[in-house]
Amino acid sequence: MKQRGRHRRQKRGRALRAFLAGTALALTAAATMISASQATVGDRPGALKALDASERTTGLRLQERLVPRSTLDRLAAAMGRPVGVSTVLDDADHSLLGAADCTAGERTALPVAPAATRAYCWDAADTRGWRAGAVTTSGDADDDGHWGDRRVILSGWTHQAGRSAQPGLARVAFVDAGDPDRLTYAWATLAVPVDGGRDYRGLTSAVSGMVWYQDKLLVTAADGLYVYDVHRIQRATVDSGAVGRVPGGWAADGARYVLPAVGSYRLTGGSALPAAISLDRSTAPDSLVASEWVPADSGRHTRLWRYAFSSDPDRAGLLATDPAGRASATEAYETKTAGVGGVLSYGSQWYLARTAGTADGHGTLWRQNARGAKATRCGSDGTNRCWGGPSGALSYWEETGEVWSQSGRMLYALPLSSVDRSLG
């Protein structure tokens with residue numbers, strides 16, 4: 001029975017690869033229609049420019065603020081004993097659709113080149129009114145690629161509130177990725193404790209970046225980074241659109257679980273808020289890399305930088321700080337690439353996902369270093385506009401060699417080696 005099951009999975013895998021290859025060919029044909037006249041300075045960013053120590057210190061330093069243990073314990077005492085990641089995964093009540101079951105319109109958000117080797121789409125009804133942003137995996141959390149015995153993907157979403165399209169609540173899908181043919185997930189609402197742990201409010205901010213490192217989840221927000229502890233997931237007890245304490249118990253905007261923040265990092269000066277973040281395991285110690293959001297028409301350059309993670313066992317998953325609780329950038333650069341929606345660093349290379357200039361177009365994936373820049377190429381005219389359109393976060397799963405990202409309603413993966421092979 002196991003042998004036949006493996007053969008079925010292999011056949012499904014071959015069928016999926018063939019399907020995605022066909023999708024890539026169709027997208028490549030579309031890419032040939034993109035005019036070379038669309039090229040801008042962002043299409044020729046050149047080499048990265050290193051920033052000096054004073055520039056790193058004055059504009060990129062973060063102040064750590066941890067929520068008192070008494071606050072978190074008071075909330076847990078009122079809500080019940082916290083649960084772990086496995087409990088959330090075992091309670092998964094939604095499924096992602098395989099690429100073949102996604103609409104043609106949804107699949108246009110996939111990269112043209114390199115082609116995705118795994119791709120899924122989210123249920124439109126379940127995500128209506130929400131915008132996908134960040135992605136991170138158990139490959140970030142632990143170098144063996146697992147959280148315990150589970151393979152997990154975390155996907156961050158932001159609700160678009162009303163006609164103003166201002167960011168509303170933020171939530172995270174905990175995706176059970178143990179079976180690549182059947183990804184299931186459950187939602188947890190991101191929250192911030194208030195009133196000394198007697199209540200909590202929803203985190204209302206766009207979530208464009210997330211990194212799950214050890215037992216901490218770092219999430220970008222409008223005012224810095226929020227820190228969550230995956231050992232402190234709480235159950236919601238009331239199915240309600242409210243968030244926090246309600247008559248009869250606790251609500252999380254209809255989600256079954258809620259994550260209360262255990263800390264935050266705020267800039268002490270400057271304006272380079274982290275918009276996209278990822279984990280770099282090629283440094284010692286491991287580091288958090290970040291980029292700011294700079295609109296393509298602003299005329300400004302984009303800053304890229306990194307912070308070291310703490311090696312203190314009592315500070316698992318937190319950034320390295322000085323005695324005053326300040327985290328300083330250990331490295332920083334400027335790039336001419338604007339509109340960066342995803343950042344990744346590995347070895348001496350930086351990978352930047354640049355968003356499309358139009359709603360129905362494709363973005364650009366650049367690899368930059370101190371010597372120059374190259375982008376993935378596709379189409380008969382060799383255009384660089386080959387990446388997903390609304391480019392999302394990048395996350396490198398070192399154990400598998402895959403890069404995970406999101407674009408529109410599509411969640412997908414491809415080997416980092418295929419990115420390097422596709423560079424023009």
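Contact here means heavy atoms within 4.5 Å. The structure treated in these exercises is a predicted model.

**Exercise 1.** Identify the residues in contact with F174, leaving aside its neighbours within four places in sequence.

*Solution.* Step 1: apply the 4.5 Å cut-off to heavy atoms. Step 2: collect the partners of F174, which are V85, V88, L89, I153, L154, T184, Y185, A186, A188, I233 and L259.

**Exercise 2.** Determine how many residues form the largest nonpolar core and which of them touch the most other members.

*Solution.* Step 1: the largest nonpolar core has 30 residues. Step 2: V85, F174, L190, W212, L217 and Y228 are those that touch the most other members. Step 3: two or more residues of this core come from each of α4 (85–90), β7, β8 (166–176), β9 (184–194), β11 (210–213), β12, β13 (224–229) and β17 (257–267). Step 4: β9 provides the largest share, four residues. Step 5: another core, of 28 residues, lies apart from this one and includes V135, W157, A393 and W397.

**Exercise 3.** Characterise the largest pocket by its volume, its lining and the classes of its lining residues.

*Solution.* Step 1: the space in the largest pocket is about 830 Å³. Step 2: its lining comprises 35 residues, with R131, A206, V207, S208 and W293 nearest the centre. Step 3: sorted by class, the lining holds 17 nonpolar, 14 polar and four charged residues. Step 4: at least two lining residues come from each of β6 (130–137), β7 (152–161), β12 (216–221), β23 (340–346), β27 (391–397) and β28 (402–407). Step 5: β6 contributes the most, four residues.

Technical notes. Residues are numbered from 1 along each chain as its sequence is written. This is a predicted model: local features need pLDDT of at least 70, side-chain atom pairs count only at pLDDT 80 or more; totals for chains, interfaces and linings use all residues. Side-chain values use heavy atoms; hydrogens and water are left out. On a 1 Å grid over the protein atoms alone, a cavity is a set of points where a 1.4 Å probe fits but cannot get out, and a pocket is an open set with protein on both sides within 12 Å along at least five of seven lines; lining residues have an atom within 4 Å of a point. Grid points are joined across faces, edges and corners, and a volume is the space filled by probe spheres set on the points. Ala, Val, Leu, Ile, Met, Phe, Trp, Tyr, Cys and Pro count as nonpolar, Asp, Glu, Lys and Arg as charged, and the others, Gly among them, as polar. A nonpolar core is a set of buried Ala, Val, Leu, Ile, Met, Phe, Trp, Tyr and Cys residues joined through side-chain atoms within 4.5 Å. Buried means under 20% relative accessible area, exposed over 50%, partly exposed in between (1.4 Å probe, protein chains only).
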